[in-house]
Amino acid sequence: MIAIYKRELKSLFNSMIGFVFIALYVIVAALYFKTYNINYGIAQVGFTLYNCSWGYLLFAILPMKSLPEEKKDKIDQLLYTSPVSVTGIIFGKYLAMCTVFSVAMLVLSTFPIAINSLGYSLFKIDYSFLFAYFLLGCAYISICLFISSLCENQIISGVLSLVVIFILECSGSLASLLSDKDYVSLLCFIIIAMLAGVVCGVFSKSIMLGFTTGTGFSLIVIILYIVKKEMFTGLIQKVLNSISPSNYLMSFFYYYMFDIKAIVFYLSLIFVGVFLTIQIIQKRRYS
């Protein structure tokens, strides 16, 4: 795993992806820092980075090249036949990408010190937020890594990652726009079920499997609605708010509390993203 980690880290910087990611992320964060913390005099770094939400889209850059390019150039066959396990390969790649992000985080960690030099800084709150923010970034990297494992083209991988991150970030805002009526939740879940069927059909290359999946999930939703209609009142709002990763950051800078629920949620996303990536590569290795 160490060899894969070193190889991936070297590849990220040799291809300039690592430098581009760090530069763009720091520049975006610095612009928000100057606007909110310096110009407006806001003492909390958490408030600044939370509002720098479109910066999360940059996480799609890191994994977009690795797995799709190796699959396209057939280099992946050499990795799959190496003595390193698939778990070791994926963890090595994932940790290399998190290392690149940690370099950007080191720069961001100087923001509270800069604020303190100009006045008063809430160090405990800011650094608690930065820890959670780092885990959020690692969670997005794991999600994008999983998406890249499904693609053969790095452009498609990058675009899909951008779309998924954008949807997750906008889910909280979308929740406020929807009605809390039970039939609205029913309609939304049916649409989600059908989309799940389409995705399943595309990636499995089986129209029948996609149709069966979409229809099956839709029927389950309809049956649940008939049996327990009141459960659907405001349900879509609760789901959309709960799947928005950045929403969990609010506790750190708004309520001044270290939210264990946020840490568990981010660690769960990391585990799920890496686990699913391993399963996809494992299946490809033995197919």
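User: In this predicted model, at roughly what angle do the axes of helix α2 and helix α6 cross?

Analyst: Let's find the two helices: α2 covers residues 17-39, and α6 covers residues 86-108. Their axes come within 9 Å. The crossing angle is roughly 30 degrees.

User: Is α2 roughly parallel or roughly antiparallel to α6?

Analyst: Start from the angle, which is roughly 30 degrees. Angles under 35 degrees count as roughly parallel. That makes α2, next to α6, roughly parallel.

User: How do α7 and α8 run, roughly parallel or roughly antiparallel?

Analyst: Helix α7 spans residues 111-118, and its axis lies 10 Å from that of α8. The two pack at an angle of about 160 degrees, and angles over 145 count as roughly antiparallel. So α7 and α8 are, relative to each other, roughly antiparallel.

User: How many charged residues are there in the contact of α7 with α8?

Analyst: Pro112, Ile113 and Asn116 come from α7, and they meet Phe123, Asp126, Tyr127 and Leu130 of α8. By class, that's five nonpolar and one polar, and the charged count is one.

User: What is the handedness of the crossing where α9 passes α12?

Analyst: The axes of α9 and α12 come within 7 Å and cross at roughly 160 degrees. Ser171, Gly172, Leu174 and Ala175 in α9 meet Gln237, Leu240 and Asn241 in α12, a contact with three nonpolar and four polar residues. As for the crossing, it is left-handed.

User: Which helix gives the most to the lining of the largest pocket?

Analyst: This pocket has a volume of about 1,200 Å³, and 34 residues line it. Helices that each supply at least two lining residues are α8, α9, α10, α12 and α14. The top contributor, with ten residues, is α10.

User: How many nonpolar residues does the lining of the largest pocket have?

Analyst: Look at the residues closest to the pocket's centre: Val164, Ile167, Leu168, Ile192 and Val199. Across the lining, two residues are polar and no residues are charged. The nonpolar count is 32.

Terms used. Residues are numbered from 1 along each chain as its sequence is written. This is a predicted model: local features need pLDDT of at least 70, side-chain atom pairs count only at pLDDT 80 or more; totals for chains, interfaces and linings use all residues. Side-chain values use heavy atoms; hydrogens and water are left out. Axes are lines fitted to C-alpha atoms, for helices over the stretch in contact, and angles run from 0 to 180 degrees between N-to-C directions. Helices (H or I, at least four residues) and strands (E, at least two) are DSSP runs, numbered from the N terminus. Angles under 35 degrees count as roughly parallel, over 145 as roughly antiparallel, 65 to 115 as roughly perpendicular and the rest as oblique. On a 1 Å grid over the protein atoms alone, a cavity is a set of points where a 1.4 Å probe fits but cannot get out, and a pocket is an open set with protein on both sides within 12 Å along at least five of seven lines; lining residues have an atom within 4 Å of a point. Grid points are joined across faces, edges and corners, and a volume is the space filled by probe spheres set on the points. Ala, Val, Leu, Ile, Met, Phe, Trp, Tyr, Cys and Pro count as nonpolar, Asp, Glu, Lys and Arg as charged, and the others, Gly among them, as polar. Contact means heavy atoms within 4.5 Å. A crossing is left-handed if the near helix is turned anticlockwise from the far one by less than a right angle, and right-handed if clockwise.
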